[in-house]
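Subject: Structure for you to look at

Hello,

Here is the structure I said I would pass on. Please open it first and keep it beside you while you read the notes below.

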Amino acid sequence: MKIRNWSKFQHFKNKNSMIWFKVYGRDILNDPDWHDLNDLQKSTLFELWCLASEKNGYLPDNRKIAFRLHKDISFVNNVLKELSLWLEEDNIISI
């Protein structure tokens with residue numbers, strides 16, 4: 001699984017493991033899909049962006065996400081479904 005449009009968040013395209021990413025406030029504030037999220041979804045999405053920054057936009061499996069974010073696996077499974085608009089499924093690459 002990968003963050004949708006991850007390249008939009010990266011300034012350096014040739015780096016595989018970036019521990020930072022860019023977010024333009026105007027893009028977020030003008031995005032109706034962002035405003036449709038509740039506060040918990042927004043904060044979790046931001047944490048997923050932080051996690052994805054370690055692997056060029058790719059997220060680890062749900063169990064590892066739960067561990068890294070200190071959340072229950074059931075929470076992670078549910079929130080990933082809720083945030084599906086912000087994610088891309090990628091069955092080829094597994095990290």
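W86 has a relative accessibility of 12%, so this residue counts as buried (buried means under 20% relative accessible area, exposed over 50%, and partly exposed in between, with a 1.4 Å probe and protein chains only). W86 sits in the loop between α5 and β2, the latter being residues 87-88. Helices (H or I, at least four residues) and strands (E, at least two) are DSSP runs, numbered from the N terminus. Computed along the sequence is one thing and through space another: W86 and K2 are 84 residues apart in sequence, while their C-alpha atoms are 8.9 Å apart in space.The model is a predicted one, in which local features need pLDDT of at least 70, side-chain atom pairs count only at pLDDT 80 or more, and totals for chains, interfaces and linings use all residues. Residues are numbered from 1 along each chain as its sequence is written, and side-chain values use heavy atoms, with hydrogens and water left out.

Now the chain as a whole. The chain has five helices and two strands, and their order along the sequence is β-α-α-α-α-α-β. Of the 95 residues in the chain, 35% are buried. The accessible surface of the chain is about 6400 Å², and carbon and sulfur atoms account for 51% of that surface. Accessible areas come from the Shrake-Rupley method with a 1.4 Å probe, and for residues only the protein chains shown count as cover. If you take the contacts (heavy atoms within 4.5 Å) between residues at least 6 apart in sequence, 61% of them join residues at least 24 apart.

Next, the core. In soluble globular proteins, nonpolar side chains tend to be buried together. A nonpolar core here is a set of buried Ala, Val, Leu, Ile, Met, Phe, Trp, Tyr and Cys residues joined through side-chain atoms within 4.5 Å. The largest such core has 20 residues, and L59 and I65 have the most contacts inside it. Helices α3, α4 (62-69) and α5 each supply at least two residues of this core. Which helix gives the most to this core? It is α3, with five residues.

Two helix pairs are worth a look. Two packed helices are described by the angle between their axes and the distance between the axes. Axes are lines fitted to C-alpha atoms, for helices over the stretch in contact, and angles run from 0 to 180 degrees between N-to-C directions. Angles under 35 degrees count as roughly parallel, over 145 as roughly antiparallel, 65 to 115 as roughly perpendicular and the rest as oblique.

Helix α3 (residues 39-52) packs against helix α5 (residues 73-82) at an angle of about 95 degrees, and their axes are 11 Å apart. The two helices are therefore roughly perpendicular to each other. On the α3 side the contact involves L40, Q41, T44 and L48, which meet F75, V79, L80 and E82 in α5. By class, this contact of α3 with α5 has five nonpolar, two polar and one charged residues. For these classes, Ala, Val, Leu, Ile, Met, Phe, Trp, Tyr, Cys and Pro count as nonpolar, Asp, Glu, Lys and Arg as charged, and the others, Gly among them, as polar.

Q41 belongs to helix α3. Is Q41 buried or exposed? With a relative accessible area of 10%, Q41 is buried. Apart from its neighbours within four places in sequence, Q41 is in contact with D36, E82 and L83.

The other pair is α3 with α4. These helices pack at an angle of about 105 degrees, with their axes 11 Å apart. They are therefore roughly perpendicular to each other. E47, L48 and L51 of α3 make the contact with I65, R68 and L69 of α4. By class, this contact of α3 with α4 has four nonpolar, no polar and two charged residues.

E47 is also a residue of helix α3. Its relative accessibility is 30%, so E47 counts as partly exposed. Not counting residues up to four places away in sequence, E47 touches L69 and K71. E47 and I65 are 18 residues apart in sequence, and their C-alpha atoms are 9.7 Å apart in space.

Finally, two loop residues with positive phi. N56 has a phi near 55 degrees, a positive value in a residue other than glycine. N56 is in the loop between α3 and α4, and its relative accessibility of 27% is why N56 counts as partly exposed. H70, which is not a glycine, has a positive phi of about 55 degrees. H70 lies in the loop between α4 and α5. At 71% relative accessibility, H70 counts as exposed.

Regards
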